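Visitor: I would like to learn how to read a model like this one. Could you walk me through it?

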Amino acid sequence: TPDPEIGEELLSAGRKARDLDRAHVFHSWSAQASLDPMTVVKTEGPHVWDGEGRKLIDFSSQMVNTNIGHGHPAVVAAIQEQAARIATIAPAHVNDARSEAARLISDLTPGDLNHVFFTNGGADAVEHAVRMARVHTGKTKILSAYRSYHGGTDLAINITGGARRIPVDRAAAGTAHFLPPFTYRSSFHAEDDAQEGQRALEHLEQVITLEGPSTIAAVILESVPGTAGIFVPPAGYLEGVRELTRRHGILFIADEVMAGFGRTGRWFGVDHWGVEPDLLTFAKGVNSGYVPLGGVAISDEVYQTFAETPYPGGLTYSGHPLACAAAVATITAMQEEGMVENAARLGTEIFGPRLQELKDRHPSVGDVRGLGAFWAVELVQDRTTKEPLDIGELVAECKKLGLLPFVAENRLHLTPPLNTPDEVVRQGLDILDQALEVADRAVQG
Ligand code: PLP
């Protein structure tokens, strides 16, 4: 039944939008003809309303993006004010929104990442970080993890691990992959996190040795890999990667596009382990996606390479004032409202214990893992074989009951805005609890 807040006018606009979408919009990652996309007619805080006027709790944060929720009034006002004053300006000109955004990001990022190159999103941030690493080191090879996601452009998709890689091999030249730690489906036959982390590090060192440190410009790694499954790295792993790369004269690029800006309960995922990368890519949470923005935070040392020699790259929209004004307002709101601390608390007080309890009661749940407001529930046909479960029906049931999760393969990713009120988080998890009965039936039947 439609929410009474949603009038017939919005519903009919939604129906019209849907017809036009099916006629003219070409969607990402999809076979176009069989696509059945969900219409959204309204968003507010941690909620979205679909084309039938149904109110859903947004545990997807729209691709793990709206860290401050939908329609934050301070950010909306900042964008409006900026649009009226300076809506756009070429990257070569100084403007206050960009300068202030760069200062805030330099302050928040770890170590001496004191310089910011702005992009339009995550994939181009990755492309530029790789280019900087190649020019800085004079080497070409990039090592990345098999279980990873780094973006949809040519190079970014080819350093991405797993099924998302596409048969466009041109950009794959000069890239190689390694196995990251993932204890639940360990490639190293490890029995616990400590063993997994240790063996994954030994493996990475072997790959570096075999590929040849003199050929490798950078290792790129998500601090907490997101789209591939939300794997919190074992203690010592990222510190070990930092030590290995430093010892072999290789740059460490931390891809914080999804994990960054509070998602994990710290400003950046690397902060949990005190790791200071040479380059850090960000997007999404930097301004909660209200206006497209990404970028690369650059160390003093890499910056020096481009102090006298021009950097070979740029974008018309680099440091777009609307996007940067949104970033300043977003970061300020996050600081003033304690959202990062709140994400950490949601993880330890609500998600962690409640998901463990759901795992204990529901045979379809194989694994739950995460931290902060960044959690994965992995569904299996059988806990011993860990055979993935088809979760189409479970996802439909969640939506029917009013919960919108982020869906990836056999997993639900639970990634609400960092400021979602406790009672809404609990309500979302109650819905999941109820919906899991559908998945349990598939296991038992
Ligand atoms: N890097 C990571 C870790 C991501 O999660 C993503 C997107 O999900 C990207 C890069 C690509 O970002 P975008 O889709 O903004 O290009």
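Predicted model: local features only at pLDDT ≥ 70, side-chain atom pairs only at ≥ 80, totals over all residues.

Visitor: Into which domains is the chain divided?

Guide: Domain bounds come from an automatic or database domain assignment. Here domain 1 covers 8-71 + 338-444, and domain 2 covers 73-336.

Visitor: How many residues of each domain are in contact?

Guide: Two residues are in contact if their C-beta atoms, placed from the backbone, lie within 7 Å. By that test, 27 residues of domain 1 meet 26 residues of domain 2. With 5 residues, α11 gives the most to the domain 1 side; helices are DSSP runs (H or I, at least four residues), numbered from the N terminus.

Visitor: Which residues are closest to the ligand?

Guide: A residue is near a molecule if its C-beta atom, placed from the backbone, lies within 6 Å of it. The ligand is surrounded by 17 residues, with G121, G122, A123, G151 and V257 the closest. Helix α5 (residues 122-137) supplies the largest share of this shell, 3 residues.

Visitor: Why is α10 largely enclosed?

Guide: A residue is buried if 20 or more other C-beta atoms, placed from the backbone, lie within 10 Å of its own. In α10, 12 of the 16 residues are buried, so the rest of the structure largely encloses this helix. Its buried residues pack against α3 (73-85), α4 (96-108) and α11.

Notes: Residues numbered from 1 in each chain as written. Helix = DSSP H or I, 4+ residues; strand = E, 2+ residues; numbered from the N terminus.
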